[in-house]
Amino acid sequence: MRFVPRPRPEGIGPRRIATSFESATGKRTIRELDARGQRVFLRVDFNVPLSDGKVVDDSRIRASIPTIKALLEDGASIVLASHLGRPDGKVVDGLRLRPAAERLAHHLKMMVPTTGDALGVGTDDAVNRLRPGELLLLENVRFHAGEEKNDPAFAARLASYGDVFVNDAFGTAHRAHASTVGVAGILPSYVGLLMESEVEALSNLLDKPARPFAAIVGGGKVSGKVAVLEALIKKVDLLILGGGVANTFLVASGRSVGKSLYEAKMVEHARRILKLAAERGVKVLLPVDGVVAKEVTRGTEFKVVSTEKLPASWHMVDLGPDSINAVRDALGPVKTILWNGPLGVFEIPAFGTATRELAKLAAEKAEAGATVVVGGGDSIAALQQLNLAGKMTHLSTGGGASLEFLEGRELPGLAVVPTSGSPYETLPIVWHEPEAEKKAKAPAKKSS
Ligand code: ADP
Ligand code: MG
């Protein structure tokens with residue numbers, strides 16, 4: 001692809017001088033960066049759902065705009081990098097980033113050229129022609145096997161595109177890949193505004209939630225959520241379960257769920273979580289009734305039954321009306337809500353009642369002053385279908401990253417960015433000092 005340079009736009013902002021090192025994440029943010037004239041290698045998370053070559057939900061793209069705008073207005077040029085899907089080191093035409101670039105161009109109201117490859121002579125050339133106020137998007141970095149392997153040579157090639165590195169890819173912060181961690185070991189690194197707001201919202205939730213604090217966990221499977229459920233039990237006052245997750249818990253509490261989706265291997269884990277909850281006095285709400293369907297398809301036969309006697313040859317696909325009322329009652333006094341995972345197979349409208357009702361309830365709670373944080377691509381998609389996404393206190397764009405953060409695990413993409421105010425460029429800081437100087441100073445600590 002030929003990159004056609006455009007004239008430098010008017011209105012490039014004044015030099016930004018760091019006056020304070022305040023940062024919600026404790027990490028160096030772009031507010032400490034004087035970006036004018038710098039070429040910024042900006043890792044974003046444009047891993048968006050596609051259908052027929054179109055972006056179905058561009059939340060992640062919109063979420064990256066504050067950082068992009070701030071850097072452009074400061075007079076930086078930006079080389080954007082992202083992955084999309086799992087091409088496993090090969091070029092997959094259906095996973096090209098052009099549809100994402102189109103959405104970004106639409107929101108920024110400016111051209112967003114994409115390169116045909118993250119590396120190569122054409123890409124080098126396009127990067128070198130970038131002027132302040134301009135940006136381009138590299139092709140899917142996962143077309144190169146070096147990305148997921150955090151290959152130093154691949155990271156070095158990417159790093160050659162920037163003077164500084166900004167990581168705003170919260171959704172990929174739990175992966176130590178070349179464009180998230182490798183580049184940070186080479187260039188002066190900062191976190192972007194999205195990364196900061198995500199970490200801030202999730203930290204607040206864990207550190208100082210207004211109580212009562214309820215977690216609502218749905219979705220298909222328990223397996224990816226065991227660790228977060230265990231961590232949440234130690235934080236919340238109320239745990240509401242729905243979706244396939246609830247089915248596994250129903251089995252753990254001695255019921256049979258017929259043909260419903262549940263994970264036999266997770267039943268023991270579910271039992272342990274229920275025991276933990278009982279020990280800590282955490283109330284757990286399991287569905288008392290459900291919508292069962294002959295098949296998990298559109299237009300199939302379905303009915304409402306009690307979860308005490310779920311029929312053997314049916315699938316439970318949604319909560320029933322009594323369960324929805326129980327959720328409403330339980331949430332009455334709640335001041336903080338964390339919601340991850342739809343309560344039913346909401347993609348089929350007939351099985352989306354509980355998810356839709358919960359979305360409306362969450363919006364009401366947020367309007368009444370409760371803190372409502374929603375995570376998970378499908379949960380956010382459900383909110384968007386109802387035009388309620390904007391009502392929430394915070395939408396977490398990172399699926400796995402949000403969960404790992406809530407589990408209390410360190411996110412490599414965040415850990416590698418230096419502490420706010422730090423003059424050092426990379427972590428961990430390696431101390432090489434002559435013996436004499438070492439004695440004069442306090443003992444060198446390994447930085448966290
Ligand atoms: P999120 O993306 O919000 O984190 P998940 O990916 O964990 O949510 O789960 C979403 C999926 O769970 C949806 O595709 C939905 O159809 C499915 N699901 C929810 N309830 C059920 C159920 N009772 N049986 C089967 N699948 C379910
Ligand atoms: Mg999902």
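**Ligand shell and side-chain contacts in the predicted model**

An oxygen atom of ligand 1 is placed 2.9 Å from a polar backbone atom of Gly 220. The model is a predicted one, and the distances and areas reported here are computed from its atoms. Two further contacts of this kind were found for the ligand. One is with Glu 347, where an N or O atom of the side chain is 2.4 Å from an oxygen atom of ligand 1. The other is with the backbone of Gly 377, where an N or O atom lies 3.3 Å from a ligand oxygen. On its own, ligand 1 has 580 Å² of accessible area, and the protein covers 79% of this area.

The shell around ligand 1 consists of 19 residues, of which Gly 220, Lys 225, Glu 347, Asp 378 and Ser 379 come nearest. Sorted by class, the shell contains 11 polar, 5 nonpolar and 3 charged residues. Three secondary-structure elements, namely helix H10 (243-252), strand S13 (315-319) and helix H14 (377-385), each contribute at least two residues to this shell.

Aromatic pairing was examined next. The count comes to 2 aromatic pairs. In one of them, the ring centres of Phe 41 and Phe 165 are 6.0 Å apart and the ring planes meet at 40°, so the pair is classed as tilted. This pair links distant parts of the chain, with Phe 41 in strand S1 (residues 39-43) and Phe 165 in strand S6 (residues 164-167), at a separation of 124 residues. Phe 41 counts as buried because its relative accessibility is 0%. Phe 165 is likewise buried, with a relative accessible area of 0%.

The other pair is formed by Phe 302 and Phe 351, whose ring centres are 5.5 Å apart; their planes stand at 90°, so the arrangement is edge-to-face. Here too the pair links distant parts of the chain, the two residues being 49 residues apart. Phe 302 belongs to strand S12 (residues 302-306), whereas Phe 351 is in the loop between strand S14 (336-340) and helix H13 (353-367). The accessibility of each partner was also computed. Phe 302 is partly exposed, at 43% relative accessibility, and Phe 351 is buried, with a relative accessible area of 1%.

Two charged side chains are positioned over aromatic rings. Arg 28 lies over the face of Tyr 190, at a distance of 4.6 Å from the ring centre. The charged end of Lys 303 sits over the ring of Trp 314, and its distance from the centre of that ring is 4.2 Å.

A polar contact between side chains joins Ser 323 to Asp 289, at 2.5 Å. Ser 323 is part of helix H12 (residues 321-331). With a relative accessibility of 3%, Ser 323 falls under the 20% limit and therefore counts as buried.

Several backbone features were noted in loops. The peptide bond that runs from Arg 211 to Pro 212 is cis, with omega near 0°. Pro 212 is located in the loop between helix H8 (193-207) and strand S8 (213-217). Asp 88, although not a glycine, has a positive phi of about 55°. This residue is in the loop between strand S4 (77-81) and helix H3 (98-108). Asp 88 is exposed, with a relative accessible area of 54%. Asn 387, which is also a residue other than glycine, has a positive phi near 60°. Asn 387 is found in the loop between H14 and strand S16 (394-396), and it is exposed, with a relative accessible area of 70%.

The loop between S4 and H3 also holds Val 92. At 31% relative accessibility, Val 92 counts as partly exposed. The C-alpha atoms of Val 92 and Asn 140 are 9.4 Å apart in space, while the two residues are 48 residues apart in sequence.

How values were computed. Residues are numbered from 1 along each chain as its sequence is written. Chains are lettered from A and ligands numbered from 1 in the order in which they are written. This is a predicted model: local features need pLDDT of at least 70, side-chain atom pairs count only at pLDDT 80 or more; totals for chains, interfaces and linings use all residues. Side-chain values use heavy atoms; hydrogens and water are left out. A residue is near a molecule or strand if one of its heavy atoms lies within 4 Å of it. A polar contact is a pair of N or O atoms within 3.5 Å; within protein, one must be able to donate a hydrogen and the other to accept it, and residues adjacent in sequence count only if both atoms are side-chain atoms. Accessible areas come from the Shrake-Rupley method with a 1.4 Å probe; for residues, only the protein chains shown count as cover. Helices (H or I, at least four residues) and strands (E, at least two) are DSSP runs, numbered from the N terminus. Ala, Val, Leu, Ile, Met, Phe, Trp, Tyr, Cys and Pro count as nonpolar, Asp, Glu, Lys and Arg as charged, and the others, Gly among them, as polar. Rings of Phe, Tyr and Trp (its six-membered ring) pair if their centres lie within 6.5 Å; planes under 30 degrees apart count as stacked, over 60 as edge-to-face and the rest as tilted. Buried means under 20% relative accessible area, exposed over 50%, partly exposed in between (1.4 Å probe, protein chains only). A charge sits over a ring if NZ of Lys or CZ of Arg is within 6 Å of the ring centre and within 35 degrees of the ring normal.
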